[in-house]
Amino acid sequence: MMTKSLRFFVVCLLALAIVLALSVAIIAPASMYVVAESQQQRTISYFGNTVTCGKDNGYIPNTSSGWNPLTLFTLPGLIMGLIPDGNPHAGWSLGSFYIEGFSGQTTSSANVYDHKMPVFLKNAGDTVEFGFKLDQNINKLNGNSSLSIADDHKVIQGCWIEDPYIEGDFGKGVLVIVHTDPQGVEKTITYRDFLNGKSVGANTTVQLFEEGDYRVILCYEIYRYTGWNFITDWMDPNGSWFDYRMEAYFSVRNGNAMVYPFDLGGKGELSDKSCTKDGFRVDLANSKYLNLSVKREILNSTATGIIEDVRFNKVVADGAEFTEEGKYTITATNIYTGLSTTKTICVGTNDILRCNTTTGRSVDEIASMLKKGYVIHEDGSLSRDSVVVEPTPTTPTVDTVAPKPTAHSFDGWMISSIVFGGLIVVAGVVFLIKRFA
């Protein structure tokens, strides 16, 4: 038989267990949600191909396999097997290039190289970053203390890359970035001694990338220590140095398909189906690779009535201006995503054309309504007897999705549950104490 003291101790332990179980059941879901939120990361893609370049030949790829970084480029991952067996670099990778912060990815041949290659898509607010991830200790490559990245700064002949032509002291690796902008202007940026001081596994961001086509090349030299030998060193003074080249091509494009018409009379941006007396200018908001077309229609009177007549439908450039009277249909298309945006603007003072643009009613319907006594107002709407006739309204879509709970707050039901559960536990403990005391 248990004594009263022992029974009281057991009751207290039971009450404590109930409180702990209740707390875990209520708080655990919120804690799990915080962990899930903290694990979210930006989209990142790794790539790059490495080939051997012989010894001091200007880092020209030395292969008979028809190597072409455009045709061998894959995402994600590296293509191995480009370095022959027996080479100090065979079977392992120094690292890889990476792109981070993009919203989407596709492939396209629409670039300055006329070859299918990856396209990274960015939206407003995205910061697309390029860099290099080092997988090796540059002083102990592949875990071999006899292999290291060499300082390529030959005193006599100097260091150079044949394509694109770069010369000078390279140090421990040289990274070259060739950027071709939307106007076709090419710019080369060189980072010398690039691998020096880099830690294993670190992502080294090099540059922020805007729209354009890119070619990136990393050239480096490996030194293999084999001990001193007078005869072999004299016969082949470069026998312990091996040159390599990692190269890739890609494009960066905006992922949107937006066009913005601006009133030439200084009234700012024009909304879809609006009218202006002064004309408008189209603006692509720095999206340089969108296809932009404009169709102009006017009204002609015939023996049977008024008809719409297309005057032109053509491709136009960013910043083009239009002042002639007519109804303009503007279409911007993104060839990389397939998205398109269409806006309609009326220029001039023609009442029927303005009404046609604003309300979407056909010219025949508007003419028929005018014969019945309707009038067209300045904003393009129709009315009779002071009753405005508007376009048929559409039923708005209501978003019924419940808002996502935040990671750092408890809902009201959680707090109520904790308080209510605590009261029940306290009442139970008091009852048990009186029962077994």
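How many of the six residues of strand S3 (residues 95-100) are buried? In this predicted model, six of the six are buried, and strand S3 is accordingly described as mostly covered. The protein has 437 residues, of which 38% are buried, and its secondary structure comes to six helices and 25 strands. Among the contacts with a separation of 6 or more, 66% are between residues 24 or more positions apart.

**Strand S3 and its partners**

- Strand S1 (residues 44-47) pairs with S3 in the antiparallel sense, and four bridges connect the two strands; within this pairing, Phe47 stands opposite Phe97 of S3.
- Strand S6 (residues 129-134) is also paired with S3 in the antiparallel sense, here over six bridges, and the bridge partner of Glu100 in S6 is Glu129.

**The open sheet S15-S17-S20**

- Three strands, in the order S15-S17-S20, make up an open sheet with antiparallel pairing; strand S15 (260-263) and strand S20 (321-322) stand at its edges with a single partner strand each, so one side of each has no neighbour in the sheet.
- The pairing of S15 with strand S17 (residues 280-283) is antiparallel and runs over four bridges, and Tyr260 has Asp283 in S17 as its bridge partner.

**Helix H4**

- Seven of the nine residues of helix H4 (residues 351-359) are buried, so the helix is largely enclosed by the rest of the structure.
- The buried residues in H4 are Ile352, Leu353, Arg354, Cys355, Asn356, Thr357 and Thr359, and one of them, Arg354, is also among the residues that line the largest pocket.
- At the start of the helix, a side-chain oxygen of Asn350 comes to within 3.1 Å of the backbone nitrogen of Ile352, while the residue that follows H4 is Gly360, with a positive phi near 80 degrees.

**The largest pocket and Asp379**

- The largest pocket holds about 210 Å³ of space, and its lining consists of Asp263, Lys267, Leu270, Cys275, Thr276, Lys277, Gly348, Arg354, Glu378 and Asp379.
- Sorted by class, the lining of the largest pocket comprises six charged, two polar and two nonpolar residues.
- Asp379, one of the lining residues, is located in the loop between strand S23 (375-376) and strand S24 (382-384), and with a relative accessible area of 52% it is exposed, because a residue counts as exposed when this value is over 50%.
- Although Asp379 and Ser274 are 105 residues apart along the chain, their C-alpha atoms are separated by 8.3 Å.

- When residues up to four places away in sequence are not counted, Lys122 touches Val128, Phe209, Glu210, Val252, Arg253, Asn254 and Gly255.

**Backbone features in loops**

- Asp163 and Pro164 are joined by a cis peptide bond with an omega of about -5 degrees, and Pro164 has its place in the loop between strand S8 (159-161) and strand S9 (166-168).

Note on methods
Residues numbered from 1 in each chain as written. Predicted model: local features only at pLDDT ≥ 70, side-chain atom pairs only at ≥ 80, totals over all residues. Heavy atoms only, no water. Buried < 20%, exposed > 50% of the residue type's maximum accessible area, 1.4 Å probe, protein only. Polar contact = N/O pair within 3.5 Å; in protein donor to acceptor, adjacent residues only side chain to side chain. Contact = heavy atoms within 4.5 Å. 1 Å grid on protein atoms, 1.4 Å probe; cavity = no way out; pocket = protein on both sides within 12 Å on 5 of 7 lines; lining within 4 Å. Points joined across faces, edges and corners; volume = space filled by probe spheres on them. Nonpolar A, V, L, I, M, F, W, Y, C, P; charged D, E, K, R; others polar. Pairing = 2+ DSSP bridges.
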